[in-house]
There are 4 protein chains.
Amino acid sequence: MPCVRQTWKSETSPQRLIRWHCEDKASVKGKRILTFNANHRSVNNSLRPKLQTPIIIVNFKTYLEATGRKAVELAEKAEKVSKETKTCIAVAPQFADIATVAEAVEIPVFAQHIDPITPGSYTGHVLAESVKEAGATGTLINHSEKQLKLSDIDAAIKLAREKGLVSCVCANNPSVSVATATLKPDIVSIEPPELIGTGIAVSKAQPEVVTNTVKLVREINAKVTILCGAGISHGEDVAVALKLGTQGVLVASGIVKAKDPYSILREFADATKQ
Amino acid sequence: MPCVRQTWKSETSPQRLIRWHCEDKASVKGKRILTFNANHRSVNNSLRPKLQTPIIIVNFKTYLEATGRKAVELAEKAEKVSKETKTCIAVAPQFADIATVAEAVEIPVFAQHIDPITPGSYTGHVLAESVKEAGATGTLINHSEKQLKLSDIDAAIKLAREKGLVSCVCANNPSVSVATATLKPDIVSIEPPELIGTGIAVSKAQPEVVTNTVKLVREINAKVTILCGAGISHGEDVAVALKLGTQGVLVASGIVKAKDPYSILREFADATKQ
Amino acid sequence: MPCVRQTWKSETSPQRLIRWHCEDKASVKGKRILTFNANHRSVNNSLRPKLQTPIIIVNFKTYLEATGRKAVELAEKAEKVSKETKTCIAVAPQFADIATVAEAVEIPVFAQHIDPITPGSYTGHVLAESVKEAGATGTLINHSEKQLKLSDIDAAIKLAREKGLVSCVCANNPSVSVATATLKPDIVSIEPPELIGTGIAVSKAQPEVVTNTVKLVREINAKVTILCGAGISHGEDVAVALKLGTQGVLVASGIVKAKDPYSILREFADATKQ
Amino acid sequence: MPCVRQTWKSETSPQRLIRWHCEDKASVKGKRILTFNANHRSVNNSLRPKLQTPIIIVNFKTYLEATGRKAVELAEKAEKVSKETKTCIAVAPQFADIATVAEAVEIPVFAQHIDPITPGSYTGHVLAESVKEAGATGTLINHSEKQLKLSDIDAAIKLAREKGLVSCVCANNPSVSVATATLKPDIVSIEPPELIGTGIAVSKAQPEVVTNTVKLVREINAKVTILCGAGISHGEDVAVALKLGTQGVLVASGIVKAKDPYSILREFADATKQ
């Protein structure tokens, strides 16, 4: 059984939570003996792989197939494909699953949203510091299902930058992608909302939207990573997306609702090598 | 060192995460040997104490003093007071801290908000099932800093009931408290927003608001637990709140921002015994 | 040609706008000679008929068929039916059409929404005083297409009461209708959103929703006028709605998008006499 | 007495509202005889002056001093200053006052907001066609008190363009101004929210914000008109704003809440000539 990392109390500073690497030493029926090594910081910073392109970001949304322990299972499948194919795959579970998923896998974990707030009186909001400490290395911003006011997108991108979170801002069309790109996020993802969840891939159904976005965004921002999303369901959709000039895809139901998420994700990862 | 519960893979069903009780068997420098017993369900259902009144709910908001490992530390202090004084104290950490806090303490854990959604395409939203599986036993709804449309309050209360989460709905004045109480939540908490965070206790500054709320709510709902909040800072504020007919308090900065949260919370708990 | 009221400058106080009754004295090609009498207050308060039940409220939404001069034309048809059948019919045009419609007809005019604000720095908001001075005698609140936070519904009802506007609060189901009724609006209208615009009348498709609402609302509020809406398209839908215990209907596309709005509205009005 | 335009029923097509020019032919105590000429289209299109820079836009917000007949009075003062000084001054009254104000004055009238919608089922929303037909020639979009999601700003600008409304998009800082400018509105107005309503002019307190905005916006959009706002209270504030590279100001309380709005507005207009 592969070993997973755990949050545990340190012996030397009992009030401080640190993360340990564990090794399975022995196990008997109904009991298990484990030993732990390493600590939180080294795991979070050194061992966590940097984002590389091409990248596949899997958005877990609030699908039951990707909630709680199933979020961990799906993240483990993504990690397996990532390791097997040496492809950068990130997962974006729900807020309450970030800590558990980040402990279970070594691939990058994204929050699905952060609020444009600093610490304070904001009951029910999502603080950048909170998802960061839980183990997120990045965050989606302005997904079409969680759109923000323009000034809040600007503030959220700045917060992400300050807190060391990778920002992936979603945009519904080319002009909004350009506006977004001027705010200097790390990633812009173009996602026509009318195709989300349809299985009709933006890269095949609206290639001109993708190429137009790439062209216009590049005119004003040479560095930003450009993804596309909506309807991505097959390896070929991914291959086409890359050929159109993007550096990866943002996908949700195409993986999460698939009968065999591992196989489809493997197909996606292989398609990035073509 | 007291032992804490952990999320771990079961040997018998490796894909299923369960929680174990652990006992410290031995430890050597930089290593630790542990054994685990028990399982998830027993912990969550049998061992988790039922809510009792009087109750003190501590809302962690997005204060940095109650984020991440500090959320766990504060929850442990609340648990300590709860055990010492046999007072029901619940904590409401941020979404990303629910799992870690729920593993660390045995007192009830609330989410600060749930969205009125069922599983599906709702990026960045908060699913009842998600906070439940992470370990929450209840949720705040409609806090003045995260207010909802009326139809969404209705839907969120129904969802909480279906999913077995205790619902604590906040209301800004007596008439809204009554409207809320008709929707049959478990708890209504009256919190005049102008007093939140001021240190001026609603129970002392606006006792007529509290008594009026209790009177009007009781006319239409005999069962609902009634709390008050806003500005609660001293044991006396709690004692007065109970004398006015409430069954507890909802508190945030009064505890979270206190120099010594343990002492103030202890003062609160003692005040419920007067 | 029947004479209409006009906004005009008073001779005696040139800076003050008042409304005049006019009589057509004479007219020649391309010119018209008119005389004016009466004033603003008498028109608005004395001459404007009180609301009576049964009532039909026609919501113009933002349909092009009911925008600008077409809003006036449709309001005139409603006025014609109202006068012919002695039925209380109110119209709810868009904000920018309230003044023109209120000048053109003598039937009650409702705003489609007011914001829960008092005068001040609220760019782009809808002030109760503003729609009142433009000629509105009432307002919809919390329509399913313009839902409000619970505390804002409470505030908007109170504002309407203070400013002398009739409040008609919409609710999506029986439990929300009851919650709404505790806030003491003048009118509660139950409108299941899934039937809005379908032509499938709530009174025929979900009679139990209507009767249940009437029963539950009456238990806690004896005075409030209860309407139902969604899908009302035929006279029979109106007749059934009244038989189920409501005192009228809230209708939109059934009239506004009808080929012959006058005829359908006449059918509705006749149905209230059955 | 200067003559004003009126909405009236046409003799030849009684159901169609057109606007007439009027001339005061005679008047006797309590009565008035008027003659009308001209029609709606010529007034709206030919006679309405084009926007020119420098421009002063006066936002009436929901101030009681600029509601209903007081909105007309204030607009008349703005028109007087505009004619006396040959300065372009536009007014932005509340939705319900657009029609009355647009009939009373010949200076440009702006809506304070439009919703990103096409005609349909949008109760309580603000349709571009509606404010246009009421007489608006432009609209504010994304004012800090009525902020929109980014995709809605994009949609509202496109709608304004299609419907022939001048779009003036507000932005809270330089980076948001640039993002906004990529969406090709007619006007961008930079307004730091923390200065709104303070009487501390952005042009004097934060000149670097203004110059930085002008510089950055010009790099990506050579045509857009750039305004600044927030705290503009004196003629000198306007003069400085123009010197910093803007082409005018957006002002609200500085005029609306002034003891003598005419004098201050005259001071503003004179300052544009320096």
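**Note on the A–D interface and the sheet of chain A**

1. Across the interface of chain A and chain D, the rule finds zero salt bridges; this should be read with the reminder that the model is a predicted one.

2. On the side of chain A that touches chain D, α5 (150-163) and α6 (174-181) of chain A each supply at least two residues. The make-up of that side by class is eight nonpolar, seven polar and three charged residues.

3. As to extent, 18 residues of chain A are in contact with 18 residues of chain D, and the two chains bury about 1400 Å² between them, with 63% of that area on carbon and sulfur atoms.

4. Turning to the fold of chain A, eight strands form an open sheet with parallel pairing, in the order β5-β4-β11-β10-β9-β8-β7-β6. Its edge strands, β5 (88-92) and β6 (110-111) of chain A, each pair on one side only.

5. Within this sheet, strand β8 (residues 166-171) of chain A pairs in the parallel sense with strand β9 (residues 187-190) of chain A over four bridges, and A171(A) has I190(A) in β9(A) as its bridge partner.

6. Helix α11 (residues 261-271) of chain A lies across β4 (55-59), β5 and β11 (248-251) of chain A, running at about 155° to β4(A).

Note on methods. Residues are numbered from 1 along each chain as its sequence is written. Chains are lettered from A and ligands numbered from 1 in the order in which they are written. This is a predicted model: local features need pLDDT of at least 70, side-chain atom pairs count only at pLDDT 80 or more; totals for chains, interfaces and linings use all residues. Side-chain values use heavy atoms; hydrogens and water are left out. Contact means heavy atoms within 4.5 Å. Buried area is the accessible area (1.4 Å probe) that two parts lose on being put together, summed over both. A salt bridge is a side-chain nitrogen of Lys or Arg within 4 Å of a carboxyl oxygen of Asp or Glu. Ala, Val, Leu, Ile, Met, Phe, Trp, Tyr, Cys and Pro count as nonpolar, Asp, Glu, Lys and Arg as charged, and the others, Gly among them, as polar. Two strands pair if DSSP finds at least two bridges between them. Axes are lines fitted to C-alpha atoms, for helices over the stretch in contact, and angles run from 0 to 180 degrees between N-to-C directions.
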